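Here is a brief report on a predicted model.

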Amino acid sequence: MTVSPLLRVGLLASILGVQGCAGLVVAGAATTAVMVSDNRSIGAQIDDQNIEIKAANALAKNEGLMKASRISAISNNGHVLLVGQTSNEEYRQQAETTVRSVAGVTKVYNEIRVAGLISLSQRSSDSWLTTKTKSLLLDDPKVNPLKIKVVTENSEVFLIGLVTQDEAAQAVEITRNINGVKRVVKVFQYLETPAQAAEAESATVVAGEEETTQQ
C-alpha cells in the first residue's frame with residue numbers, strides 16, 4: 001500500500017490506536033480511512049467492537065478464571081480469536097464456552113495457552129513486534145494493512161481479517177521473516193468467492209511449514 005509520508009504517520013497511529021494532540025487531525029482522517037478501507041461493513045465493525053466489550057465483561061464475571069489467566073478477545077466479522085495464558089485446560093475451555101455464548105459470535109478460535117502469565121518485558125517485546133509488523137504491512141504495495149488486525153502474544157503473531165488469498169499469503173510471508181517472531185497464526189476470512197467469504201481458516205506457520213486447523 002503506497003501512501004504519502006504524512007498520511008502514513010496518521011494511518012500507522014490510527015492502526016496502532018495511538019492518540020495525541022499533535023496528530024489529532026491527521027489521525028482523525030486516518031481513522032475514517034481505516035473504517036472505509038476495511039472489507040467489513042461499518043455495521044459489522046461496530047458489532048465487532050460490541051462483541052469484544054461483551055466478551056471481556058462476560059469473562060470478568062468468572063473470578064477464578066480471571067485470577068489465573070490473562071486473556072484477550074479479538075472479533076472480526078463475528079469470528080472471535082482468544083489469546084493469552086491460563087493455568088489449566090479447564091479454565092481454557094471455560095473461556096471458550098463463555099465467549100461462544102456472547103450474542104453475535106459465530107465462531108471462536110481458542111489460541112489460549114496453558115502456561116504461566118507472560119512478563120512485562122515480554123509484553124513490551126510483543127508490542128514492538130506488533131508495531132514492526134504493521135509498519136511493514138503498511139509499506140508493502142501488495143497488502144492493505146487497514147484490512148488486517150495484528151495481535152502479538154508471547155512472540156506469536158496472529159493475523160486477523162477479511163482478505164483475499166493473495167493478501168493473506170503476502171501478509172504471512174512478511175510477518176514470518178520478522179526477527180523475533182516465533183510463530184504466525186492466521187485467522188482469515190477470504191473474499192475470492194461468496195462461499196469462501198463465509199468461511200474462515202486458522203493456520204499456524206512455523207519455520208516455513210503451515211498447518212491448517214478448523215474449529
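## The sheet

Three strands build an open sheet: it has 3 strands in the order β1-β2-β3, and the pairing is mixed. β1 and β3 (107–114) are the edge strands, each pairing on one side only. Direction ignored, neighbouring strands of this sheet are turned by 10 degrees against each other on average.

In general, strands of a sheet pair through backbone hydrogen bonds, in either the parallel or the antiparallel sense.

Strand β1 spans residues 69–76. Strand β2 spans residues 79–86. The two pair in the antiparallel sense, over 8 bridges. Two pairs can be picked out. Ser 75 stands opposite Val 80 of β2. Asn 76 has His 79 in β2 as its bridge partner.

The hairpin has 2 residues between the strands. Asn 77 takes a positive phi there, near 60 degrees.

How much of β1 is buried? The strand is mostly covered, with 6 of its 8 residues buried.

## Helices across the sheet

Helix α3 (residues 42–60) lies across β1 and β2 and runs at about 160 degrees to β1. Helix α5 (residues 89–100) lies across β1, β2 and β3 and runs at about 160 degrees to β3.

## How α3 meets α5

The two helices also pack against each other. The angle between α3 and α5 is about 135 degrees, and their axes are 9 Å apart. That angle makes α3 oblique to α5. The crossing of α3 past α5 is right-handed.

Which residues make the contact? From α3 come Ala 55, Ala 58 and Leu 59. From α5 come Ala 95, Thr 98 and Val 99. By type, the residues of this contact divide into 5 nonpolar, 1 polar and no charged.

## Leu 82

Leu 82 sits in strand β2. Is Leu 82 buried or exposed? Its relative accessibility is 0%, so Leu 82 counts as buried.

Leaving out residues up to four places away in sequence, Leu 82 touches several stretches of the chain. Among its contacts are Ile 71, Ser 72 and Ala 73. Leu 82 also touches Ala 95, Glu 96 and Val 99. Ala 95 and Val 99 belong to the α5 side of the helix contact. Further contacts of Leu 82 include Val 108, Tyr 109, Asn 110, Glu 111 and Ile 112.

Ala 55 of α3 is 27 residues from Leu 82 in sequence. In space the two are 10.0 Å apart, C-alpha to C-alpha.

How values were computed. Residues numbered from 1 in each chain as written. Predicted model: local features only at pLDDT ≥ 70, side-chain atom pairs only at ≥ 80, totals over all residues. Heavy atoms only, no water. Axes fitted to C-alpha atoms, helices over the stretch in contact; angles between N-to-C directions. Helix = DSSP H or I, 4+ residues; strand = E, 2+ residues; numbered from the N terminus. Parallel < 35°, antiparallel > 145°, perpendicular 65-115°, else oblique. Left-handed = near helix turned anticlockwise from the far one by under 90°. Contact = heavy atoms within 4.5 Å. Nonpolar A, V, L, I, M, F, W, Y, C, P; charged D, E, K, R; others polar. Buried < 20%, exposed > 50% of the residue type's maximum accessible area, 1.4 Å probe, protein only. Pairing = 2+ DSSP bridges.
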